[in-house]
Amino acid sequence: MTVRVLLAGGGTAGHVNPLLATAQRLRERDPGVELTVLGTREGLERELVPRAGLELVTIEKLPFPRRPDAAALRFPARWRRAVREVRALLRERRIDVVVGFGGYAAAPAYRAARLEGIPIAIHEANAKPGMANALGARWTPFVGLSYRPTTLAGEVVGMPLRPEITGLDRVALRDEAVRELGLDPERPTLLVTGGSQGARSINRTIVATAADIVAAGWQILHLSGGRQTDFEPADVPHYVAIEYLDRMHLALAAADLVVCRAGSLTVSELMAVGLPAVYVPLPYGNGEQGMNAADQVAAGGALLVDDREFTAEWVRARLVPLLEDADRLAEMASASAGAGATDGSDRMSDLIERAAATRRKP
């Protein structure tokens, strides 16, 4: 019997990549499964979903109003319209189960599924759940968690990860990765990334201290981000700046330590491949990034530093001595690998199949 699945979510890589990893695993398990992705026109799903060979249907981006203004007054009508559109899609495609990953498209999908009597499965990537998934979790027992938060009931399934990550042999791929990225095979590599949009504070501090890092015997692979229009790369040897890298597995294969934000997907990928990290969580939001990194930090595989404290002085006082301590870095790498999991796609697929089975019962 053909199972028809609507996968809803998107916006950032943290929502899109787990969706795509889950979709790929569902296809591998059942080549006859029919998959449709619901997203918006503004998110990364616009590019990544079609590239993965999946159909993308879009609805209006609908941020939940956080203050009483004109947008808040317009929100109820826009919300009802979005839910109507998704209900029509569910009927047209005869969807058996709606699977949400958070983001702007997820909340209308959950409401539409609830009204249509269609089972819902949810994946929550962060240790602190977002608003859309908190809403959807009221209507389903099938909630998969990357971490164990205190406010959302569900079962821990881990993070669905791409095969490029779960199957990554960093040692075997390192020579190719170093060559492709223009790095020195004789030097260890510090990978610096603020995600696809970049992180201005991380970028500025690393550029200011690039010479100190290189003097410690390291080289820098700096992924600056696609929206950092004011970014000026460092002018030192053994420093490679790239705006955006779509073959991230190469960067992970080349890296020996990572400086980055603590998005859930990033944390999960680094633990899965056994890379130690220095996490600089976003200085705004609801604090979920610091919580995401808690397991790896507790295991000894990562350091956590506040954004406001990640300064040139901190790098010279704390990061450079770490770079010069090979034994400690090896211990951190081992601890990171021990804290990670690579079967999130399978466990999330199990959850979806259980949810879909409730639709087929008489």
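Is Arg-94 buried or exposed? Arg-94 is exposed, with a relative accessible area of 55%. Exposed means over 50% relative accessible area, buried means under 20%, and partly exposed lies in between (1.4 Å probe, protein chains only). This is a predicted model: local features need pLDDT of at least 70, side-chain atom pairs count only at pLDDT 80 or more, and totals for chains, interfaces and linings use all residues. Residues are numbered from 1 along each chain as its sequence is written, and side-chain values use heavy atoms, with hydrogens and water left out.

**Overall build**

- The chain holds 15 helices and 13 strands. Both are DSSP runs, numbered from the N terminus: helices are H or I with at least four residues, and strands are E with at least two.
- The radius of gyration is 21 Å, which agrees with the value near 21 Å for a compact globule of 362 residues. This radius is taken over C-alpha atoms, and the globule rule is 2.2 Å times the number of residues to the power 0.38.
- Along the principal axes, the C-alpha atoms fill a box of roughly 65 × 45 × 35 Å.
- Of the 362 residues, 51% count as buried.
- Take the contacts with a separation of 6 or more: residues 24 or more positions apart account for 66% of them. A contact means heavy atoms within 4.5 Å.

**Surface and charge**

- The chain exposes about 16,300 Å², and carbon and sulfur atoms supply 48% of that area. Accessible areas come from the Shrake-Rupley method with a 1.4 Å probe; for residues, only the protein chains shown count as cover.
- There are 43 positive and 44 negative side chains. Lys and Arg count as positive, Asp and Glu as negative; His and the chain ends are not counted.
- The centres of the two charge sets lie 11 Å apart. Each charge is placed at NZ of Lys, CZ of Arg, CG of Asp or CD of Glu.

- Strands of a sheet pair through backbone hydrogen bonds, either parallel or antiparallel.
- Seven strands form an open sheet in the order S3-S2-S1-S4-S5-S6-S7, with parallel pairing. Strand S3 (55–59) and strand S7 (155–156) stand at the edges with a single partner strand each, so one side of each has no neighbour in the sheet.
- Two strands pair if DSSP finds at least two bridges between them.
- S4 (residues 97–100) and S5 (residues 120–124) run parallel, joined by three bridges. Val-98 has Ile-120 in S5 as its bridge partner.

**Around strand S11**

- S11 (residues 257–260) is covered on both faces. Leu-257 and Val-259 are buried on one side, Val-258 and Cys-260 on the other.
- S8 (residues 189–193) pairs with S11 in the parallel sense over four bridges. Leu-190 has Leu-257 in S11 as its bridge partner.
- S12 (residues 277–279) also pairs with S11 in the parallel sense, over three bridges. Here Cys-260 stands opposite Tyr-279.

**Helix H4 and positive phi angles**

- Helix H4 spans residues 106–116, and its buried residues include Pro-108 and Tyr-110. Just after H4, Gly-117 takes a positive phi of about 70°.
- Most residues other than glycine have a negative phi.
- Arg-94 is not a glycine, yet its phi is near 50°, a positive value. Arg-94 is found in the loop between helix H3 (70–93) and S4.
- His-238 is not a glycine either, and has a positive phi of about 60°. His-238 is found in the loop between S9 (219–223) and S10 (239–242). His-238 is partly exposed, with a relative accessible area of 31%.
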